[in-house]
Amino acid sequence: MAYRSRMPHEERAKQFMPFSALKGYSDALRKKEKILVPKRELSEEYQETLDRKLCQVRKNDVITVVYFRAGEYIRQTGMVSRIDRSARLIQIVNTKISFDNICDIIGENVNE
């Protein structure tokens, strides 16, 4: 009867290590994790400043808008394709943004 030599502890431990079929997937998920933040209340003075900035924005202007959506602040840069003042919406390329969620507007033709 032949005897097998004992396997070293390091080699035995490798047998029970978790197997990841999708290498790097857990790292990619960690990078996508977000910290949700509450929406900040803007002062009346700053709201008036934003209203003045919105009045200066025209269709086809290239602007950057910082707005709140789903627990995070997003910075969107692009060409204004539509402004609907009655519905209080601005559309940058294909993204519709409510005036109420905007916290800053930056643009070449936009002054405070």
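User: In this predicted model, is A70 buried or exposed, and what is its relative accessible area?
Analyst: A70 sits in the loop between β1 and β2. The cut-off for exposed is over 50% relative accessible area. A70 is therefore exposed, with a relative accessible area of 63%.

User: What is the phi of A70?
Analyst: Most residues other than glycine have a negative phi. A70 is not a glycine, yet its phi is positive. The value is about 50°.

User: Is G71 buried or exposed, and at what relative accessibility?
Analyst: G71 is also placed in the loop between β1 and β2. Buried means under 20% relative accessible area. G71 therefore counts as buried, at 12%.

User: Which residues does G71 touch, leaving out those up to four places away in sequence?
Analyst: One partner can be followed through its C-alpha atom. G71 and V37 are 34 residues apart along the chain, and their C-alpha atoms are separated by 5.2 Å. With sequence neighbours up to four places away left out, G71 touches I35, L36 and V37.

User: Where is V93, and what is its phi?
Analyst: V93 lies in the loop between β3 and β4 (95-98). At 44% relative accessibility it counts as partly exposed. V93 is a residue other than glycine with a positive phi, near 55°.

User: Which residues does L89 touch, not counting those up to four places away in sequence?
Analyst: L89 lies in strand β3. It is partly exposed, with a relative accessible area of 26%. Beyond four places in sequence, L89 touches R82, I83, D84, I97, S98 and F99.

User: What separates the C-alpha atoms of L89 and E112?
Analyst: The two residues are 23 residues apart along the chain. Their C-alpha atoms are separated by 20 Å.

User: Which residues is S98 in contact with, leaving aside neighbours within four places in sequence?
Analyst: S98 is found in strand β4. It counts as partly exposed, at 22% relative accessibility. The C-alpha atoms of S98 and D61 are separated by 17 Å. Outside its sequence neighbours, S98 is in contact with R88 and L89.

User: Which residues touch the most other members of the largest nonpolar core?
Analyst: This core has 15 residues. Elements that give two or more residues to it are α3 (44-56), β1 (62-69), β2 (72-84), β3 (89-92) and β5 (102-107). The members that touch the most others are V57, I63, V65, I90, I97, I102 and I105.

User: What pattern does the chain follow along the sequence?
Analyst: The chain has three helices and five strands. Read along the sequence, the pattern is α-α-α-β-β-β-β-β.

User: Why is the chain described as more spread out than a compact globule, and what is its radius of gyration?
Analyst: The C-alpha trace spans about 90 × 30 × 25 Å along its principal axes. For 112 residues the globule rule gives 13 Å. The chain is well over that value, so it is more spread out than a compact globule, with a radius of gyration of 26 Å.

User: What percentage of the residues of the chain count as buried?
Analyst: The chain exposes about 9300 Å². Carbon and sulfur atoms supply 52% of that area. Of the 112 residues, the buried share is 24%.

User: What share of the contacts with a separation of 6 or more comes from residues 24 or more positions apart?
Analyst: G71 and V37 give an example of a touching pair, at 34 residues apart along the chain. Residues 24 or more positions apart account for 54%.

User: How far apart are the mean positions of the positive and negative charges?
Analyst: The chain has 21 positive and 16 negative charges. Their mean positions are apart by 11 Å.

How values were computed:
Residues are numbered from 1 along each chain as its sequence is written. This is a predicted model: local features need pLDDT of at least 70, side-chain atom pairs count only at pLDDT 80 or more; totals for chains, interfaces and linings use all residues. Side-chain values use heavy atoms; hydrogens and water are left out. A nonpolar core is a set of buried Ala, Val, Leu, Ile, Met, Phe, Trp, Tyr and Cys residues joined through side-chain atoms within 4.5 Å. Buried means under 20% relative accessible area, exposed over 50%, partly exposed in between (1.4 Å probe, protein chains only). Helices (H or I, at least four residues) and strands (E, at least two) are DSSP runs, numbered from the N terminus. The radius of gyration is taken over C-alpha atoms; the globule rule is 2.2 Å times the number of residues to the power 0.38. Contact means heavy atoms within 4.5 Å. Accessible areas come from the Shrake-Rupley method with a 1.4 Å probe; for residues, only the protein chains shown count as cover. Lys and Arg count as positive and Asp and Glu as negative; His and the chain ends are not counted. The place of a charge is taken as NZ of Lys, CZ of Arg, CG of Asp or CD of Glu.
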